[in-house]
Amino acid sequence: MELILLVFVFVMAVFLGFELIQKVPSQLHTPLMSGSNAISGITIVGALLAAGVVEGSLGKWLGFAALILATINVVGGYMVTDRMLGMFKKKGK
Amino acid sequence: MEYFINISYIVASALFIFGIKMLGSADTARRGNMISSIGMLIAVIVTLLNRDVNDGNSLSFGLIAVGLLIGAGIGVFAAKKVQMTGMPELVALFNGFGGLASLLVGWAEFAKEGNFDKSEYPVFTAAAVVFAVLVGGITFTGSLIAYLKLSGKMGGSATVFPGQKALNALVFVALLVFGVIFVVNGEAWALYVVIALSLLLGVLGVIPIGGGDMPVVISFLNSFSGIAASAAGFVILNNVLIVAGCLVGASGIILTVIMCKAMNRTLANVLFGGFGSSSSKAQEVEGEMKALSVEDAFYVLEAAQSVIFVPGYGMAVAQAQHAVKELAEILEDNGCEVRHAIHPVAGRMPGHMNVLLAEADVPYEQLCEMDDVNAIMETVDVAIVIGANDVVNPAAAEDESSPIYGMPIINVHQAKSVFALKRGQGAGFSGLVNTLFFRENTRMIYGDAKETITGLVSQFKD
């Protein structure tokens, strides 16, 4: 049952995603891409769970590696997007 | 506690949704990015509260903190240090890391069972593991190749060889077969084969795609990294991964479609077409390329009432954006109307030129989209093409036999005169001869774009 619920969530999220991003002006394509790229680093949560829950040593270290990589993705992605958008901003007025 | 964690995940998902929505408009974009990063912070913190995470017989908080610090350190360093012209490859690299992380999460989930060859493992979870590993693996090596191509560490042209498509198809089918074997019998070796093949497929899939098609590839891989995260969410049955991954997957697909439309090609053609390999046949073009000196160009520009800059990848390579801005300012002071016309696929990632010009402080109002500029092109005195090629090739509009026929272009050939800044006489990325350069109203200014423009600026100052 839980599975069906997750699939339901998945399908809704697909539609939501398409709706949200239909009409983005082209000058925002790069920030949108790098910003959403940072969001894809959400797998960091999976990495934390894997690294934290797992008992066997292999799984633990796989999770540790995943944690580092996902953190780079998240932190770097958000910062670089912010830096870009900062440049867009200052000449807005 | 369980409830609190789950409710926090819902909050985080909602913040991602708001964040992405706000990223879609110039006024709110920066706040949107902030909001989605807060969502991420919440998700990470509540995950640490999970009782299972800190029950002591696994990674300690100390090690987790070390991991977070290492990752954050590298991320901050890269984000601060990168030049704006290096943005496409950095995004590709981050993207690849995200994909690899999803692969590892899938693998770790498998490894934690240890004795996986028992049939206790639910089929669905096994399928999700395969999917996360497969998509994550392709994302990782695909992004890595894209990174190498974009940063110039590897030739940007398409690498094609006989039987390539057959080989790729074979690898793909093998992936599916071993994936199914793993789902059925749950044996570790089958998963290792899937990992190896998906890494291989990422490489094979991207090497036949040329540099100019990178905007499509990056968007597509971005979408893939989202899907991989979503698949990892199904592995560990976690809502926030599924929602966030899905949003990214959808946004990446939309960008991909926009990029393909801007080139009037299908996604399949971009991915499998081998476009931009050097095997194009030579064409005969009437007329000749007429060179112009910087000095003569200056006299024309001094008298011009209306000027359009058309930047392309060459501007990024030459780092000419600041010089362009300076010249544009001088022209404006001289009573000339200045615009920058940006083609949707100019450069190496979606919106690449916008980022560079924004870095150089070019006023927002001067940036024009293709259609707006084309409408007034005939009134323009001088169109200055800076390192752009295929996006201004009139063959796309006129020559039905041209491979790029039908691709929307910026119609600079309709301007009264065109200055094409170019390093040499070679063809563009697509390997096509640009008939624009042979037109009556076109003058070539050879040399490094930045030097040429700086030269023009100093002419004005004298």
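In this predicted model, B:Asn238 counts as buried because 22 C-beta neighbours lie inside 10 Å, where 20 or more are required. The residue is placed in the loop between α8 and α9 of chain B, and, leaving aside residues up to four places away in sequence, B:Asn238 touches A:Val45, A:Gly46 and B:Gly233.

The contact between the chains involves 99 residues of chain B and 78 residues of chain A. Among the elements that give two or more residues to the side of chain B that touches chain A are α8 (214–235) and α9 (239–262) of chain B, while the largest share of that side, 17 residues, comes from α4(B). Sorted by class, the side of chain B that touches chain A holds 60 nonpolar, 31 polar and 8 charged residues.

B:Asn238 and B:Ile384 are separated by 146 residues in sequence and by 52 Å in space, taken from C-alpha to C-alpha. Strand β4 of chain B, which spans residues 382–386, pairs with β1(B), and β1 (residues 306–311) is itself mostly covered, with 5 of its 6 residues buried. The pairings of β1(B) are set out below.

| Partner of β1(B) | Sense | Bridges | Residues that pair |
|---|---|---|---|
| β2(B), residues 337–342 | parallel | 4 bridges | B:Ser306 with B:Glu337 |

How values were computed. Residues numbered from 1 in each chain as written. Chains lettered and ligands numbered in written order. Predicted model: local features only at pLDDT ≥ 70, side-chain atom pairs only at ≥ 80, totals over all residues. Contact = placed C-beta atoms within 7 Å. Nonpolar A, V, L, I, M, F, W, Y, C, P; charged D, E, K, R; others polar. Buried ≥ 20, exposed ≤ 12 C-beta atoms within 10 Å, placed from the backbone. Pairing = 2+ DSSP bridges.
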